[in-house]
Amino acid sequence: MATILGGLTTSHVPAIGGAIARKQQGEPYWKPFFDGFLPVHKWLEEVKPDVAVVFYNDHGLNFFLDKMPTFAVGAAPEYRNADEGWGIPTLPPFAGETGLSWHIIEHLVEREFDVTTCQEMLVDHAFTLPLKLFWPDAIPVTTVPICINTVQFPLPSARRCYALGQAVGQAIQSWDSDKRVVVIGTGGLSHQLDGERAGFINKPFDLKFMDSLVNDPEWATQFSIHELVEKAGTQGVELLMWLATRGAVPGRVRKVHTNYHIPISNTAAGMMALASAA
């Protein structure tokens, strides 16, 4: 059976892609953010995952407001990205892991998650930037993208996203393969890009949420979506991907490394690497 090595989470602000393209990782504004990934690079070199299952949210490249699935799973042999208007260079296609994709899809449907199955799928910066952050050179893993709606209300609840993660983790563990899988959740943390609270960041809540993923993973499921918007900002609900990731990693986890830095493009930028201790 497949092995879940652990979970990785990170922010995915488009400006990160521009910094990578311009090789600005060592500049004072960016260095505290990029340096946070160095211990994780070392850990990934040690554990050598074969597959990355990525929880992310689409920003209009593949899905738009006229057709916005709550949960969508990629089942394609490869995933391409395209120009989103941010000036981020287009990357080579990302290899898919179709065997695991279909296994996850079948497992989720059996457990009454109504998912959209995508045999063709464009992936945006929420998917591509985290992979470049964790593997700045060549991407050595095949991928399974799982898109969660955080754009068009009604949004799935925190409890539902955690349960989705649990179901995905069960599917990975029951996959008839000896491959090693890492789960990635991207987005957040607290930020709001528009309205009266534009620029809103809630550091105490962010740090409490990050700590809960280690010690009390269901803590955030007590909050409704509107409560999460109040606490983390309208775009801060992207923490749903972090929550799904933690749900997918069974049992206890060991903190490999965490980093929290504000601001990156008016966003609270967080990163966590949690090794499975089950």
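How do the residues of the lining of the largest pocket divide into nonpolar, polar and charged? They divide into 10 nonpolar, 13 polar and one charged, where Ala, Val, Leu, Ile, Met, Phe, Trp, Tyr, Cys and Pro count as nonpolar, Asp, Glu, Lys and Arg as charged, and the others, Gly among them, as polar.

The model is predicted, with pLDDT of at least 70 needed for local features and 80 or more for side-chain atom pairs, while totals for chains, interfaces and linings use all residues. Residues are numbered from 1 along each chain as its sequence is written, and side-chain values use heavy atoms, with hydrogens and water left out.

**Pockets and cavities**

On a 1 Å grid over the protein atoms alone, a cavity is a set of points where a 1.4 Å probe fits but cannot get out; a pocket is an open set with protein on both sides within 12 Å along at least five of seven lines; lining residues have an atom within 4 Å of a point. Points are joined across faces, edges and corners, and a volume is the space filled by probe spheres set on them.

| Space | Volume |
|---|---|
| Largest pocket | about 480 Å³ |
| Second largest pocket | about 210 Å³ |
| Largest cavity | about 90 Å³ |
| Second largest cavity | about 50 Å³ |

The largest pocket has 24 lining residues, and His59, His191, Leu193, Gln235 and Glu238 lie nearest its centre.

Residues lining the second largest pocket include Ile20, Phe34, His41 and Lys132. Helix H2 (31–34), helix H3 (38–47) and helix H5 (125–134) each give two or more residues to this lining; helices are DSSP runs (H or I, at least four residues) and strands likewise (E, at least two), numbered from the N terminus. By class, the lining of the second largest pocket has six nonpolar, three polar and three charged residues.

Two cavities of 30 Å³ or more are found in the whole structure. Of the 14 residues that line the largest cavity, Asn81, Ala82, Glu84, Ile88 and Pro89 lie nearest its centre. Its lining has five nonpolar, six polar and three charged residues.

Among the residues that line the second largest cavity are Gly7, Leu213, Trp242, Arg246 and Met272. Strand S1 (3–10), helix H9 (239–248) and strand S10 (267–276) each give two or more residues to that lining.

Phenylalanine 64 lies in the loop between strand S2 (51–56) and strand S3 (71–74).
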